[in-house]
Every structure is written in C-alpha cells, then in structure tokens.
Amino acid sequence: MPMAATATAGTMPLPAAQAEEKMDTKRLIAFFAMVFGMFMSILDIQIVSASLAEIQAGLSAGSDEVAWVQTAYLIAEVIMIPLSGTLARIVSTRVLFSVSAAGFTIASALAATATNIDQMIVYRVLQGFIGGGMIPSVFAAAFTIFPPSKRNIVSPIIGLVATLAPTIGPTVGGYLSHAFSWHWLFLVNIIPGIIVTIVTWNFIDFDKPELSLFKKFDWWGLLSMAVFLGALEYVLEEGNKNDWFSDQYIFIGAVASAIGALVFFYRAFKVDFPIVDLRAFSNRNFAFGSLFSFVMGIGLYGLTYIYPLYLGRIRGYDSLMIGETMFVSGLAMFCTAPIAGKLSTKLDPRVMMAIGFASFAAGTWLMSSLTADWDFYELLLPQILRGFGLMMCMVPINNVALGTLSPARIRGASGLFNLTRNLGGAVGLAAINTILTQRQEEHYARLQEHVQWGNPEAMDQLNNMIAKYNSHGLDGATIAIQKLSGIVTQQAMVMSFIDVFLILTGLFGALVFCAFLIKKPQPVPTGAGGGGH
C-alpha cells in the first residue's frame with residue numbers, strides 16, 4: 001500500500017524530480033527531530049557502559065545484577081525494532097514516533113529516580129522497548145520522503161547517527177557521571193525528549209494510519225517474536241558469564257528462543273498480516289545489505305566494548321579517561337560523513353564498501369601488535385581507521401539495502417535492517433567474550449609453563465623482586481610471587497585481545513571480497529517504486 005509520500009520517493013521523470021529538488025521545510029524539521037530522537041535511543045544503549053560501577057554503588061547492587069541495566073535495555077529494544085514497521089502502518093509514523101519519544105522521556109525520568117536495582121531494570125526495559133520504536137522510523141522516512149538526488153546528504157546523516165551514538169556513548173556517560181552523578185545519564189534525555197515529542201507530533205505528515213489492520217494484528221506472532229528475540233538476546237548476553245549451557249537458565253533460554261523462532265517463522269509466512277514482513281529478504285540487495293549490517297554490528301559494538309575493556313583492565317583508566325581516548329573514533333566518523341556523502345554519488349557503492357571494510361581490517365590488524373604499554377597515541381591510528389571505515393561502509397550499506405525497495409515495503413524492511421545490526425552486536429559481544437575467556441586461560445597455561453624454577457630468566461626476575469621488597473622491610477617472597485603472577489595474567493589477557501583483533505581482521509578482510517558479490521544497485525525505476533530484485 002503506497003505511503004502518502006510516494007510522490008516524493010524519487011520515482012518521477014527528470015523534470016518532475018528537478019521540481020522536487022526544493023524540500024518541504026516542514027518535513028526537513030520533522031526529519032531532523034526524528035534523527036535526534038534516534039540518536040538519544042541508540043546513545044542510551046552504551047551511555048551506561050562506562051558508568052556501571054557508579055550505578056552499582058548508587059543502587060547497592062551486585063556486580064552480576066548491575067549488568068542488567070544494559071542487558072534489559074537491549075532485550076527490550078531488540079523486540080520493538082522489528083515490530084515498529086507494523087505499528088507505523090497501523091497508527092502512522094507520526095503517532096508511533098511522537099508517542100515513542102514521549103514514553104522514552106518519561107522512562108528516562110523514572111530511571112533517574114530508581115532507588116534499587118529492580119526498579120532500575122523495569123524502567124530500563126520500558127526505556128528500551130519504547131525507544132526502539134524511534135530507530136527504524138528514521139530510516140524509513142529518509143528513503144520515502146527524500147528524492148534519490150538528496151540521499152547523498154540524508155544517508156550519511158542517519159549513518160553517522162547510527163554509528164556515532166554507540167561510539168561516543170561511553171564518552172558522554174563517563175563525563176556526565178564524573179561531572180555530576182549517574183542520575184544525569186538519564187536526566188539528560190528529558191529536555192531534548194520533550195522537544196522531539198512536540199516537534200514530531202506537529203510536523204510529521206508522511207503517512208496516514210490504517211486502523212483497520214488492528215483487527216488482523218497477529219498477537220501470537222508478537223508473543224513468539226518477543227520470546228524468540230528476547231531469549232536469544234539473554235542467552236548471548238549472559239552465556240559466557242554463566243558458562244553457557246551448563247547453566248540451567250541459559251539452557252531454558254536457548255530452548256525458549258528455538259521454540260519462539262519456530263512459531264514466529266511459521267506465522268510470518270502463514271498469516272495475512274504478519275507481525276514482520278520477511279518478504280523483503282527476497283530482494284537480493286536487501287538481503288546482502290542486512291548481512292553486511294549484521295557484520296558491521298559485530299565491528300561497531302564489539303570494538304566499542306573491547307577498547308574500554310583494554311583501557312580499564314590493562315591501563316587502569318577510569319570512565320572519563322576511557323571516554324576521552326575513545327572520542328577519536330567518533331571524531332573520525334564525523335569528519336568522514338561529508339566525504340562519504342560526496343563519494344556515494346560518484347563511486348560504485350561496492351567499491352565504497354570494499355574501501356570501508358579494508359580500512360576497518362587495517363585498524364584491527366594494527367591492533368594485533370598490542371602490548372600492555374599502548375596508550376592514546378598508539379591507539380590513535382587504529383581508531384581513525386575504524387571511524388573512517390565505519391562511515392565509508394554505513395552509507396552504501398544503507399543505500400544498497402533500502403534504496404531499491406518500494407515505499408510500501410520500506411517501513412517493515414527498515415525494522416528488519418536495524419535488527420540485523422543489533423543482533424550482530426549481540427552475537428559479536430558473545431563471541432568476543434567467549435574468545436577472550438578461553439584464549440586467556442590457554443595463554444596463561446602456556447606462559448605459566450615458562451615461569452618456573454627451571455627458567456633462569458624467570459628466577460632472576462623473581463630474585464630481583466624479592467630483594468627489592470625485602471629491602472623495604474616487606475615479605476619479599478610472597479609479594480614477588482603475587483606480582484609475577486599478576487604480570488603473567490596481564491600478558492595472557494593482552495594476548496587474548498590480540499587473538500580477537502586478528503579474528504576481526506580476517507572477518508573484515510573477507511568482506512572486502514564479499515562486497516563484489518552483490519549486484520550493482522540500479523537507480524529506482526520510474527513508476528511506483530522499484531522492487532529492486
């Protein structure tokens with residue numbers, strides 16, 4: 001069913017397209033308000049990551065409990081993102097987005113008032129679920145209200161926000177919790193949230209509600225999707241900490257996710273009005289774009305996790321110092337966005353993707369020379385390459401995935417497309433954590449074999465340390481053995497980081513070649529919007 005904005009979806013002959021070059025100011029204001037709403041929603045995934053210790057202390061929570069401040073948000077958001085396309089059709093983009101913005105603002109205010117960990121988790125679930133409705137709507141709006149001639153401006157904006165928000169999340173969170181208190185991680189959303197709610201309610205006019213579809217709403221499909229995605233996210237987030245399937249709850253979660261998936265996919269293909277329209281995957285470019293988005297999620301969220309982990313555990317940085325070091329990637333993205341926009345009109349998108357993947361792989365390859373002494377300047381070039389690579393990839397991936405779909409299909413497809421990025425992040429984090437744990441144990445065992453009585457270098461080091469601590473009137477032998485064990489543990493950890501960087505290098509290096517497996521995207525044909533197969 002075409003949206004009201006079909007006429008502007010870039011499907012006109014050239015003279016009409018030129019007449020359409022002047023964008024409606026009202027729609028531009030609405031679009032930028034939507035972009036800001038999306039920025040807040042994505043930022044809140046990572047804004048707490050650098051400040052979990054402060055939240056834990058403030059709420060008197062255990063270390064295993066406080067991790068749920070992030071996990072609860074992710075699980076709720078991952079359920080809402082694919083659902084948002086269907087809701088937008090029923091109630092209209094205007095109602096969905098403005099209600100989501102208002103709900104997100106209220107849930108943020110509630111999270112700031114939480115007095116215990118249980119309250120915080122409930123409020124974060126609300127925040128993630130309601131906020132998730134804002135993300136796909138922006139992608140759908142960008143590809144339905146703007147003509148293709150404007151995509152070189154619009155696509156970098158949404159690409160920048162989708163990648164910059166999680167990257168600078170730890171920076172913003174670290175600064176707020178240091179300068180004020182952890183409550184400001186949530187209070188900071190209130191004024192912008194109110195503005196976004198008012199602007200979007202008054203200015204969005206892209207489509208009309210189809211309330212009659214509510215009668216056909218697939219409640220079983222919704223329930224099965226919630227169980228499938230929610231349980232999957234839980235298993236991926238908690239699996240490594242709890243030793244995977246040896247833990248009863250992880251096993252139950254995996255079984256629930258599998259059953260939910262079977263019911264969800266069955267209903268998606270059998271009911272008249274499925275909760276998620278999976279037919280978008282029949283478009284080859286959309287399917288490949290979603291695959292690339294999945295892998296970009298691994299790179300985006302994986303490195304946003306692993307850099308702070310190295311800086312915190314090995315270098316002993318606090319949240320503010322980690323944020324300041326991580327800011328380089330965000331700055332590189334910001335500077336690359338206009339370049340990526342320009343190149344998207346001149347270069348084959350497959351070439352752009354290949355350049356982006358190669359840049360990302362080069363950054364992780366440099367990180368494979370990591371030592372325990374690496375600091376801001378050693379991390380500078382890898383982070384610049386990462387930021388540049390992310391932006392060079394995101395713009396063509398967005399265009400390839402969504403640029404050839406008809407306006408009627410974009411609303412549902414944009415939810416699926418965004419879901420792949422989040423699932424990629426979840427799978428990537430689970431894999432990275434598992435690899436780090438297992439490889440650290442292996443490296444520790446190997447290093448331990450060399451640090452023993454038969455190794456003269458190890459004995460010299462140990463004797464020097466014993467003499468040094470004895471001279472200060474301390475128990476030199478005990479302290480020296482503890483210190484030596486600490487050095488071995490640290491080196492094992494650094495070597496496990498190197499293993500992860502080498503795996504990521506191989507993954508993104510392979511994608512350079514995969515980029516050329518997709519067909520060169522054709523311009524949307526004149527008429528009612530391309531099917532784009």
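Reply: Val 255 counts as partly exposed, because its relative accessibility is 37%; buried means under 20% relative accessible area, exposed over 50%, and partly exposed in between, with a 1.4 Å probe and protein chains only. Please keep in mind that this is a predicted model, where local features need pLDDT of at least 70 and side-chain atom pairs count only at pLDDT 80 or more, while totals for chains, interfaces and linings use all residues. Residues are numbered from 1 along each chain as its sequence is written, and side-chain values use heavy atoms, leaving out hydrogens and water.

You will find Val 255 in helix H13, residues 248–270. Helices here are DSSP runs (H or I, at least four residues), and strands are E runs of at least two, numbered from the N terminus. The chain has 20 helices and zero strands.

Val 255 also belongs to a nonpolar surface patch, together with Phe 245, Tyr 249, Phe 251, Ile 252, Ile 259, Leu 262 and Val 263. Together they have about 820 Å² of accessible area, a value from the Shrake-Rupley method with a 1.4 Å probe, counting only the protein chains shown as cover for residues. Patch members have over 30% relative accessible area and no salt bridge; nonpolar side chains (Val, Leu, Ile, Met, Phe, Trp, Tyr) are joined within 5 Å, like charges within 9 Å. A salt bridge is a side-chain nitrogen of Lys or Arg within 4 Å of a carboxyl oxygen of Asp or Glu.

Now for the inside. Of the 533 residues of the chain, 56% count as buried. The largest nonpolar core holds 142 residues, and Phe 31, Phe 357 and Phe 497 touch the most other members. Such a core joins buried Ala, Val, Leu, Ile, Met, Phe, Trp, Tyr and Cys residues through side-chain atoms within 4.5 Å. Helix H14 (residues 284–313) gives the most to this core, with 13 residues. Beyond neighbours within four places in sequence, Phe 497 is in contact (heavy atoms within 4.5 Å) with residues including Ile 306, Leu 309 and Tyr 310.

Finally, the structure holds 13 aromatic pairs. Rings of Phe, Tyr and Trp (its six-membered ring) pair if their centres lie within 6.5 Å; planes under 30 degrees apart are stacked, over 60 edge-to-face, and the rest tilted. Tyr 307 and Phe 501 form a tilted pair, 6.2 Å centre to centre with 55° between the planes. That pair joins helix H14 to helix H20 (residues 476–514), with Tyr 307 and Phe 501 lying 194 residues apart. Tyr 307 and Phe 501 are both buried.
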